Amino acid sequence: PRTIYLSRHGESKWNVTGQLGGDPPLTERGKSYAFKLAEFINEEFLLQGKELPIVWSSQLRRTRQTVEMIPTVNVCWRALNEIDAGKCEGMTYDEIKKEMPEVAAARKKDKLRYRYPQGESYVDVIQRIEPVILELERQREPVLIVAHNAIIRAIYSYYMGVSQEECPNLDIPLHHVFKIFPRAYKCDCELINLQV
Ligand code: F6P
């Protein structure tokens with residue numbers, strides 16, 4: 001691909017309450033990120049006489065709403081859905097610590113390999129996104145991917161040469177875009193704050 005743009009979705013209702021996973025909609029603030037993102041893509045492409053990038057999101061509401069204002073076709077990948085927290089979906093980190101302390105402890109010990117009961121681990125996620133990476137490698141056009149915390153961590157790590165051990169702890173802030181320039185060895189990256 002030429003350039004890859006990576007972003008989490010705008011703020012969702014569950015980002016505010018601190019609940020994991022689910023399929024919540026965006027908050028008003030999240031919607032203003034969707035607007036700013038569309039404006040940013042417009043400035044990067046249309047205003048420079050370039051065609052819009054290919055847009056990929058997950059199948060969840062919060063990523064689809066985030067790309068809604070970009071006037072191009074959006075492909076929704078199930079493989080881009082957030083890490084499945086299984087029995088802990090809908091819980092906050094504090095609730096997990098209180099109600100399922102063994103989960104909190106095991107995950108703290110080995111976040112990369114720990115698999116949520118009836119859910120996934122980061123190793124599972126890294127495997128699950130492989131087809132997306134393969135397809136991404138085949139693209140000759142710029143691509144914008146709007147997905148989730150764990151998913152952006154995994155894609156960012158693949159391109160930036162971050163080890164699997166470090167991947168689950170990367171800081172991927174909301175309302176920022178990572179602009180990745182693929183190179184033969186290690187890619188370059190710029191972090192853009194859209195100030196929402
Ligand atoms: O809190 C937002 C979120 O995307 C959750 O849905 C997900 O479980 C979590 O981040 C992943 O981050 P971590 O692996 O650090 O808990």
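Local features of the predicted model require pLDDT of at least 70 and side-chain atom pairs count only at pLDDT 80 or more, whereas totals for chains, interfaces and linings use all residues. Residues are numbered from 1 along each chain as its sequence is written. The protein chain has a mean pLDDT (the predictor's confidence in each residue, from 0 to 100) of 97, and 99% of its residues reach 70 or more. The ipTM of the model is 0.99 and the pTM is 0.97.

The protein chain contains eight helices and six strands, where helices (H or I, at least four residues) and strands (E, at least two) are DSSP runs numbered from the N terminus. Their order along the sequence is β-α-α-β-α-β-α-α-α-α-β-α-β-β. The radius of gyration of the protein chain is 17 Å, close to the 16 Å that the globule rule gives for 196 residues, so the chain is as compact as a globular protein of that length. This radius is taken over C-alpha atoms, and the globule rule is 2.2 Å times the number of residues to the power 0.38. Along the principal axes, the C-alpha atoms fill a box of roughly 55 × 40 × 25 Å.

Of the 196 residues in the protein chain, 33% are buried, a term that requires 20 or more other C-beta atoms, placed from the backbone, within 10 Å of the residue's own. Contacts are pairs of residues whose C-beta atoms, placed from the backbone, lie within 7 Å. Among contacts between residues at least 6 apart in sequence, 61% join residues at least 24 apart.

An unreviewed UniProt entry lists His9 and Glu82 under "active site". They span 74 residues in sequence, yet no two of their C-alpha atoms are more than 10.8 Å apart, so they gather at one spot. His9 lies in the loop between strand S1 (4-8) and helix H1 (13-17) and is buried, with 30 C-beta neighbours inside 10 Å. Beyond four places in sequence, the contacts of His9 include Arg62 and His148. Glu82 occupies the loop between strand S3 (74-77) and helix H4 (93-99). Glu82 is also buried, with 24 other C-beta atoms within 10 Å, and its contacts beyond four places in sequence include Gly21, His148 and Asn149.

Conventions
Buried ≥ 20, exposed ≤ 12 C-beta atoms within 10 Å, placed from the backbone. Contact = placed C-beta atoms within 7 Å. UniProt positions renumbered as here; feature names shortened; annotations may be inferred.
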